[in-house]
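Open the model in your viewer and keep the sequence beside it.

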Protein chains: 2
Amino acid sequence: MVGALDRAVRQFSRLPGVGRRTAQRFVYHLLRGNPEQAAALAEAIIALHRDIKPCSVCHCLTEHDPCEVCRDPRRDRTTLCIIGETSDMEVIEASGKYRGLYHVLGGLLNPAAGVGPEHLAISSLTGRLSQGVKEVIIALSASVEGDTTALYLVKLLKPTGIRLTSLARGLPAGGSLDHADKVTVGLSLEGRMEL
Amino acid sequence: MVGALDRAVRQFSRLPGVGRRTAQRFVYHLLRGNPEQAAALAEAIIALHRDIKPCSVCHCLTEHDPCEVCRDPRRDRTTLCIIGETSDMEVIEASGKYRGLYHVLGGLLNPAAGVGPEHLAISSLTGRLSQGVKEVIIALSASVEGDTTALYLVKLLKPTGIRLTSLARGLPAGGSLDHADKVTVGLSLEGRMEL
């Protein structure tokens, strides 16, 4: 394969979940299209690191510092939601059920991969808690890393006396019981609600 | 979502098979990585249209004109393989079963989408046939568009008296050529049928 083609295929292959075949499809798609479309994609990629920085308050990735949520006077400043990545913020915002602030750890604890507390935005978290926070919602993925991180945070934050909660575990909306795995069913039984 | 993030997500979403969620994964992956990786991808994308042009002989996309295959004195100049896209050439080359030349149509006939013979590299094909070609292999995807294009080519080329063959139907029905594995492609080349 010629140089420029091969280089583009290799670069696309570095994206998560993109194999060589998919990367080739992307490259030929761009080559079939006009140069302006390719240039627009390249420019958008360059702009990411140029225009987007972590918010100095919550550490989410943003074009404005502080970010839109931290600057918004209508947000409830007594509630802090701890999340792993900025993308989790979008999912929670899309639910329309949360009006508090966020704190983005920038990852999850993973001792096996060498990710310790010092690699996450944890020291700045304790500083924020003294500013009138009444509840901390730990909203991490239901994975080994998420649970490890949650456990660490609970140990760290328990002495502050601030209310600590975590996202409910149970059946996903629209999920039928006979398609749920046994762990999820067990969790939904343990966390059953009064009707 | 902020401007630069949203712009990058929208640009990635224009790639084939990439939805909004996948585009977001790509964007956050690039943001977590260093600026050099993002810049390398952007530069590789820019280089595509800057460095790659159609070969003036076979119309494949290449950095050199004529392309490597057309320039190669060891290739059999009496056999011409008609393909839809440059990517199909890579699949056939990978099979290791073909030593002739190629002719890239730059698409397939699709009357419903307004793609007629005038949009494909067909007029230059007839010119090439007078240069000692003894066999034309029609190697198009096993799809409605591929069959339509093959039928059109058979009608056009039959009067020349040149041997016409097509790939054996070892390809799965409805399968596009650039998703086939190289062994299947090789078998379908060996079992090509008289038309």
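Select helix α5 (residues 86–95) and helix α8 (residues 182–190) of chain B: they pack at an angle of about 80°, with their axes 8 Å apart. Axes are lines fitted to C-alpha atoms, for helices over the stretch in contact, and angles run from 0 to 180 degrees between N-to-C directions. α5(B) and α8(B) are therefore roughly perpendicular (65 to 115 degrees). Helices (H or I, at least four residues) and strands (E, at least two) are DSSP runs, numbered from the N terminus.

Show Val91(B), Ile92(B), Ala94(B) and Ser95(B) on α5(B), then Lys182(B), Val185(B), Gly186(B) and Leu189(B) on α8(B); these make the contact (C-beta atoms, placed from the backbone, within 7 Å).

This is a predicted model: local features need pLDDT of at least 70, side-chain atom pairs count only at pLDDT 80 or more, and totals for chains, interfaces and linings use all residues. Residues are numbered from 1 along each chain as its sequence is written, while chains are lettered from A and ligands numbered from 1 in the order in which they are written.

Next, colour by chain: 41 residues of chain A are in contact with 41 residues of chain B. On the side of chain A that touches chain B, α3(A) gives the most, with 14 residues.

Finally, select Ile45(B). Leaving aside neighbours within four places in sequence, Ile45(B) is in contact with Ala8(A), Leu30(A), Ala38(A), Leu41(A) and Ala42(A).

Key
Contact = placed C-beta atoms within 7 Å. Parallel < 35°, antiparallel > 145°, perpendicular 65-115°, else oblique.
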